[in-house]
Amino acid sequence: MEYLDKHQADRPWLAIARNCPPEVQRIFVALDQRGGHAHIRHERWVTEEMNERRVRNLHDPAQLDPAKRAAGIDGLTPGDVQHRCGNIATRITDPEAFAMAFARGVEHPDVRAALDSNGPRPQPVILPISAVLGDDGHKSCSGWQLEPVNGSMDEARAFRRAWAVGDQSGPGPRARPVETFEGGTVTFAFRRSAVGGYEVSTMHVNPADEQPT
Amino acid sequence: MNQAYWARNPRGPFATLIALSATYCHPEVYNDAYPELLERVRSAAPEDEQIRVFREELREALADPSRLPDDELAKAVQYDDGSSEAFLRRLWHDLYGDES
């Protein structure tokens, strides 16, 4: 597709779509032409190492300037704004599965209602992974999670933030791979679209122990 | 089907506070959404019932953070502030300043 060829150099997250079927390519192009970041931070082009560094040191995969990435500067927010990350950094490891999750997700009634709403920014919708990727869909997911500090994820996130913006001598934050996404969820968050209405701001998978109780 | 706390418990304790905090303060959307929350609160019309309830629940949670349901706020927002109370204090300060 022309768009994929044109942005081969400046938008490296599109490279993964070049060998995909046309319907998958169309989804990647549509996502990239809007304002969401699901395909930039939560798809296969983000390597395991990139996700580990994101969750451990707030290095944003979307930041293409290596110095800014190492400094924890967000790659998608104008200005030198610090990048943010939750307890986990995850991805769907297969671009066709990613596109299917997105296509099925936006057809879900709760997601559709959010996209079609006219009021303030809609609240996120959290669906079972199986609802968009089938019973084995969790096998197409991977991720890294921050390790607790003193048994606390609150402390771990605060320590990581202090580490990222301050003195980095001594032991830093630690992370470990997510063992399984079986029973997990996928979150759809929303933002106002430049062309009116709402669009998916991001779509990311969560392991079962990260979902609300 | 929607497994979010506020969808499963629309009348549950602090459902509006947790829902709006997740909508605007979760790290996956924070840099884009948090300024929108500031603007929404500052320009809220009197008939914005969601913001009225949000403010009331924020005030109640600050008065007694132990009333928050389990880890629902921490799971929904994943703040960097170190504790739910610290996050709520910052949120109140950013949104309402010295108002009581």
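The model is predicted, so local features are taken only at pLDDT of at least 70 and side-chain atom pairs only at pLDDT 80 or more, while totals for chains, interfaces and linings use all residues. Residues are numbered from 1 along each chain as its sequence is written, and chains are lettered from A and ligands numbered from 1 in the order in which they are written.

Helix α2 of chain A covers residues 22-33; helices here are DSSP runs of H or I with at least four residues, strands are runs of E with at least two, and both are numbered from the N terminus. Val24(A), Ile27(A), Phe28(A) and Leu31(A) are the buried residues of α2(A). These fall within an arc of 95° seen down the axis, so they line one face of the helix; the arc is that of the directions from the helix axis to the C-beta atoms. Buried means 20 or more other C-beta atoms within 10 Å of a residue's own, exposed 12 or fewer, and partly exposed in between, with C-beta atoms placed from the backbone. The buried residues of α2(A) pack against α3 (38-41) and α6 (95-105) of chain A, contact being C-beta atoms, placed from the backbone, within 7 Å. Over on the other side, Pro22(A), Glu23(A) and Gln33(A) are exposed.

As for the loops, Asn150(A) lies between β3 (141-146) and α9 (153-165) of chain A, and its phi is near 55°, positive despite not being a glycine. Asn150(A) counts as exposed because it has 8 C-beta neighbours inside 10 Å. In chain B, Asp70(B) lies in the loop between α4 (49-63) and α5 (72-77). Asp70(B), also not a glycine, has a positive phi of about 40°, and is exposed, with 10 other C-beta atoms within 10 Å.

Technical notes. The expected span of a helix is 1.5 Å times one less than its number of residues. Two residues are in contact if their C-beta atoms, placed from the backbone, lie within 7 Å.
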